[in-house]
Amino acid sequence: MVASTQNQGLSVLLFINRQVLRRDIGDLGEAIHARKAIPVVMIRNDVKAVLRNLSNDKWLMASLMDGDGLQLMECLRLRVQDIDFAR
């Protein structure tokens, strides 16, 4: 679950408790808010090492995802007619 979704859910629960049910649950502070995840980026040598250990269709898919910035589901749904072989 994304941090913003978790924080929105928390806000809804707090609103319902405070405004609708009139419950005083006190100050929860900032400690319980979800933090945004830090994106993990592989360095070039790591990508090369992974690609060296793949073969056939797995190598092709990983290469497309790396070189073209495709996400996993975009790569899995890729069709032959989606590829411009002239380029």
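The secondary structure of this predicted model comprises 4 helices and 0 strands. Followed along the sequence, the protein shows the pattern α-α-α-α. The radius of gyration is 22 Å, well over the 12 Å that the globule rule gives for 87 residues, so the protein is more spread out than a compact globule. Along its principal axes, the C-alpha trace spans about 65 × 30 × 20 Å.

**Surface, contacts and charge**

Of the 87 residues, 9% count as buried. The accessible surface of the protein amounts to about 8,000 Å², and carbon and sulfur atoms contribute 56% of this surface. Among contacts in the protein with a separation of 6 or more, 20% are made by residues 24 or more positions apart.

**The salt bridge**

Side chains of opposite charge can pair when their charged atoms come close. The structure holds 1 salt bridge. In this salt bridge the side chains of D82 and R79 meet, at 3.0 Å from N to O. D82 counts as partly exposed because its relative accessibility is 39%, which falls between the limits of 20% and 50%. R79, at 47% relative accessibility, likewise counts as partly exposed.

**Individual residues**

Is S63 buried or exposed? S63 has a relative accessibility of 18% and therefore counts as buried, the limit being under 20%. S63 is placed in helix 3, which covers residues 56-68. Leaving aside neighbours within four places in sequence, S63 is in contact with L51 and D68.

R22 is found in the loop between helix 1 (3-20) and helix 2 (44-52). Phi of R22 is near 55°, a positive value in a residue other than glycine. N56 has its place in helix 3, and phi of N56 is also near 55°, again a positive value in a residue other than glycine.

The table below gathers the relative accessibility of the residues discussed.

| Residue | Relative accessibility | Class |
|---|---|---|
| S63 | 18% | buried |
| D82 | 39% | partly exposed |
| R79 | 47% | partly exposed |
| N56 | 62% | exposed |
| R22 | 65% | exposed |

R22 counts as exposed because its relative accessibility of 65% is over 50%. N56, with a relative accessible area of 62%, is exposed as well.

Conventions: Residues are numbered from 1 along each chain as its sequence is written. This is a predicted model: local features need pLDDT of at least 70, side-chain atom pairs count only at pLDDT 80 or more; totals for chains, interfaces and linings use all residues. Side-chain values use heavy atoms; hydrogens and water are left out. A salt bridge is a side-chain nitrogen of Lys or Arg within 4 Å of a carboxyl oxygen of Asp or Glu. Buried means under 20% relative accessible area, exposed over 50%, partly exposed in between (1.4 Å probe, protein chains only). Helices (H or I, at least four residues) and strands (E, at least two) are DSSP runs, numbered from the N terminus. The radius of gyration is taken over C-alpha atoms; the globule rule is 2.2 Å times the number of residues to the power 0.38. Contact means heavy atoms within 4.5 Å. Accessible areas come from the Shrake-Rupley method with a 1.4 Å probe; for residues, only the protein chains shown count as cover.
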